[in-house]
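Here is a briefing on a ligand site, a pocket and a sheet. Look over the sequence and the structure first, then take the points by topic.

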Amino acid sequence: MAFDPNSKIDTKCVQAGWQPKSGEPRVLPIYESTTFKYDTSADMAKLFDLEPGYMYTRLANPTSDIVASKIAALEGGVAAVLTSSGQAANFFSLINILQAGDHFISAATIYGGTFNLFNVTMRKLGIDVTFIDPRATEEEINAAFKDNTKAVFGETVANPSLDVLDIEKFAKAAHAHGVPLIIDNTFPTPINCRPFEWGADIVTHSTTKYMEGHASTIGGCVVDSGNFDWYQNDKFPCMTQPDESYHGSVYAKDFGKAGYITKIVAQQLRDFGSTPSPFNAFLLNLGLETLAVRMEKHCKNAQKVAEYLEKNDKISWVNYPGLKSCKDYEIARKYMPNGTCGVISFGVKGGRAKAEEFMNNLRLAAIVTHVADARTCVLHPASSTHRQLSDSELIECGVTADLVRFSVGIENADDIIADIQQALDKI
Ligand SMILES: *Cc1c(COP(=O)(O)O)cnc(C)c1O
């Protein structure tokens with residue numbers, strides 16, 4: 001009665017990962033233990049040579065590994081690792097293969113926290129970034145490459161601008177220059193888009209959002225497709241040359257297709273320690289079990305809300321990739337035929353002040369920093385998540401001062417619309 005790895009994605013949500021043997025717990029156990037016991041020192045020593053097994057939860061833990069393997073199955077990847085946050089996942093995805101003196105290219109429309117990480121903190125570490133328009137032409141993307149460019153990064157559906165990335169175009173440019181394409185797939189989740197099917201090499205997630213889905217647990221994940229050939233050029237000695245901090249391990253050779261993820265565990269989790277707690281991994285797994293059902297409802301509800309907003313004369317503009325009027329409607333249909341996500345952005349007539357008044361009037365939709373969970377919530381990015389950005393950086397990120405980010409939950413769509421209506425009636 002083994003789980004069939006060729007199951008459909010909604011079956012994988014429920015069944016992939018934990019596979020109990022006869023007499024074992026039906027539900028994934030929480031291995032809430034920092035450490036693991038061995039009979040002899042020699043047994044333990046093998047683990048320090050990176051043989052499979054567990055020694056210390058900062059590096060790896062069975063509960064977390066089993067949840068990571070479910071996410072790898074959902075994305076169609078060969079290996080995955082959980083991190084304590086989406087920020088850690090994005091940072092590790094890059095620092096795993098870049099160092100001081102290197103450069104990477106990123107779509108400009110990315111999450112505000114990621115933008116700061118790239119634009120401020122990683123520059124301090126000596127890693128340079130060029131931001132480009134997600135709608136850049138092939139020639140414009142190619143022109144951004146330098147001799148020391150080591151990766152290309154983008155978000156499938158950007159938070160909060162909702163720009164949809166042409167993954168195939170970016171993959172083509174990355175591969176023409178012998179570097180991997182890393183895609184943050186947080187908003188669509190693998191239910192709606194699997195970037196590996198379009199040429200992406202590595203996928204990251206803030207599992208904090210739809211994956212966990214209930215706003216209880218911060219978390220992240222990095223997944224490797226196993227498709228990138230680290231030996232095709234001499235850009236990645238970190239993958240193809242011995243790591244002296246791990247007894248001369250050569251990640252791409254000794255661990256094959258799992259090399260990139262093994263390196264995140266052996267170096268990034270070992271040294272930076274951004275490890276999730278096994279309990280949080282357990283909660284993430286519960287969320288993943290219902291992910292397919294929730295995403296369908298989020299998308300259905302958001303479509304109704306977006307269509308309602310578009311017809312309302314107190315709204316100045318609506319951006320939702322499911323609307324025919326949206327600039328990314330066609331490209332969203334190509335990559336996400338079943339829908340994108342539950343997040344809508346729009347402007348209220350009267351600008352920033354009216355937008356804030358509208359938000360204060362909402363009853364069901366709560367003002368929170370969060371996005372993409374079961375409860376409808378709302379945020380004004382320019383005064384919160386993107387507050388640290390200058391006006392020109394805001395425009396580059398696709399965030400206008402009047403932008404309201406509305407995250408449609410899985411309540412009844414009519415109740416959500418009624419709440420918006422009463423809040424608009426008061427302004
Ligand atoms: C929230 C978010 C992140 C950061 O994730 P945390 O879990 O909050 O650290 C990264 N990328 C995207 C697209 C996000 O929405």
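In the residue classes used here, Ala, Val, Leu, Ile, Met, Phe, Trp, Tyr, Cys and Pro are nonpolar, Asp, Glu, Lys and Arg are charged, and the others, Gly among them, are polar. The model is predicted.

**Ligand shell**

- Thr 208 places a polar side-chain atom 2.6 Å from an oxygen atom of the ligand.
- Asp 184 has a polar side-chain atom 2.7 Å from a nitrogen atom of the ligand.
- For Asn 159, a polar side-chain atom is 2.8 Å from an oxygen atom of the ligand.
- How much of the ligand's accessible area does the protein cover? On its own, the ligand has 380 Å² of accessible area, and the protein covers 94% of that.

**Largest pocket**

- The space in the largest pocket comes to about 470 Å³.
- Its lining counts 19 residues. Nearest the centre of the pocket lie Gly 53, Ala 60, Asp 65, Thr 262 and Val 265.
- Which element gives the most to the lining of the largest pocket? Helix H11 does, with four residues.
- H11 spans 259-272, and strand S1 spans 79-83. Each supplies at least two residues of the lining.
- By class, the lining of the largest pocket has 15 nonpolar residues, two polar and two charged.

**Open sheet**

- Five strands make up an open sheet with mixed pairing. Their order is S8-S9-S12-S11-S10.
- Strand S8 (315-319) and strand S10 (366-367) are the edge strands. Each of them pairs on one side only.
- Do strands S9 and S12 run parallel or antiparallel? Strand S9 (residues 343-348) and strand S12 (residues 403-407) run antiparallel, and five bridges join them.
- Ser 345 has its bridge partner in S12: Arg 405.

**Recap**

- For the ligand, the polar side-chain atoms to inspect include that of Thr 208, 2.6 Å from a ligand oxygen atom, and that of Asp 184, 2.7 Å from a ligand nitrogen atom.
- For the largest pocket, the entry to start from is H11, which gives the most to the lining.

Conventions:
Residues are numbered from 1 along each chain as its sequence is written. This is a predicted model: local features need pLDDT of at least 70, side-chain atom pairs count only at pLDDT 80 or more; totals for chains, interfaces and linings use all residues. Side-chain values use heavy atoms; hydrogens and water are left out. A polar contact is a pair of N or O atoms within 3.5 Å; within protein, one must be able to donate a hydrogen and the other to accept it, and residues adjacent in sequence count only if both atoms are side-chain atoms. Accessible areas come from the Shrake-Rupley method with a 1.4 Å probe; for residues, only the protein chains shown count as cover. On a 1 Å grid over the protein atoms alone, a cavity is a set of points where a 1.4 Å probe fits but cannot get out, and a pocket is an open set with protein on both sides within 12 Å along at least five of seven lines; lining residues have an atom within 4 Å of a point. Grid points are joined across faces, edges and corners, and a volume is the space filled by probe spheres set on the points. Two strands pair if DSSP finds at least two bridges between them.
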